[in-house]
Amino acid sequence: MGHRPQHLTYEALFGGVATHNGMTWATLEQRADNVVHVGNDNSSNAYSGDTPATAQLPVLCLKQDGRPAPAGVPTSGYHSWAGGEVKATIPTSGSQLTSRAAADQLCAGYFGTGFRMAEFHDANGWGLWANGTLPAGTRFWTAITDQPANLWS
């Protein structure tokens with residue numbers, strides 16, 4: 001008699017689900033020269049999260065490699081140059097992002113070594129500029145280290 005494999009859920013494989021609202025950012029400006037500005041907008045909540053964990057959104061991933069800022073991009077203060085490249089995963093259920101490590105692993109798995117989930121303070125807060133092309137009008141799961149606004153908070 002053959003053994004039929006049991007269907008395993010995400011929870012069974014990875015140990016639980018995230019249930020807290022998560023902070024999201026949006027594409028604020030996309031330039032033709034492969035430079036993008038992402039950050040908070042009127043829907044973002046950096047203090048308690050703004051989007052339910054049941055939502056499916058791309059994770060904003062960043063690889064900081066120290067590249068110089070293009071002309072016209074601020075290098076200090078809020079919304080400044082992050083010194084790297086951003087990419088977005090396919091839409092991912094927030095409930096799967098149970099820790100910062102899990103989110104970072106997702107980014108590295110999609111895009112390679114050095115990519116991790118973008119974080120609120122990567123360019124001094126509230127937003128960042130980086131190389132990359134992101135879909136207009138899209139919200140992204142984004143981490144924050146000093147507030148309970150993460151899906152895993």
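How many cavities of 30 Å³ or more does a search of the whole structure find? The search finds one. This is a predicted model: local features need pLDDT of at least 70, side-chain atom pairs count only at pLDDT 80 or more, and totals for chains, interfaces and linings use all residues. Residues are numbered from 1 along each chain as its sequence is written, and side-chain values use heavy atoms, without hydrogens and water.

**View 1. The largest cavity.** Its volume is about 30 Å³. A cavity is a set of points on a 1 Å grid over the protein atoms alone where a 1.4 Å probe fits but cannot get out; lining residues have an atom within 4 Å of a point. The volume is the space filled by probe spheres set on the points, which are joined across faces, edges and corners. Among the lining residues are Met-23, Met-117, Trp-141 and Trp-152. The lining has six nonpolar residues, three polar and no charged.

**View 2. Strand β1 and its partners.** Strands are DSSP runs (E, at least two residues), and two of them pair if DSSP finds at least two bridges between them. Three bridges join β1 (residues 24–31) to antiparallel β9 (residues 139–141). Here Trp-25 stands opposite Phe-140. Five bridges join β1 to β2 (residues 35–39), also antiparallel. Ala-26 stands opposite Gly-39 in β2. β1 and β2 form a hairpin with three residues between them, and Asn-34 in the turn has a positive phi of about 65°.

**View 3. Met-23.** Contact means heavy atoms within 4.5 Å. Not counting residues up to four places away in sequence, Met-23 touches residues including Asn-45, Phe-120, Trp-141 and Ala-149.

Notes: 1 Å grid on protein atoms, 1.4 Å probe; cavity = no way out; pocket = protein on both sides within 12 Å on 5 of 7 lines; lining within 4 Å. Nonpolar A, V, L, I, M, F, W, Y, C, P; charged D, E, K, R; others polar. Helix = DSSP H or I, 4+ residues; strand = E, 2+ residues; numbered from the N terminus.
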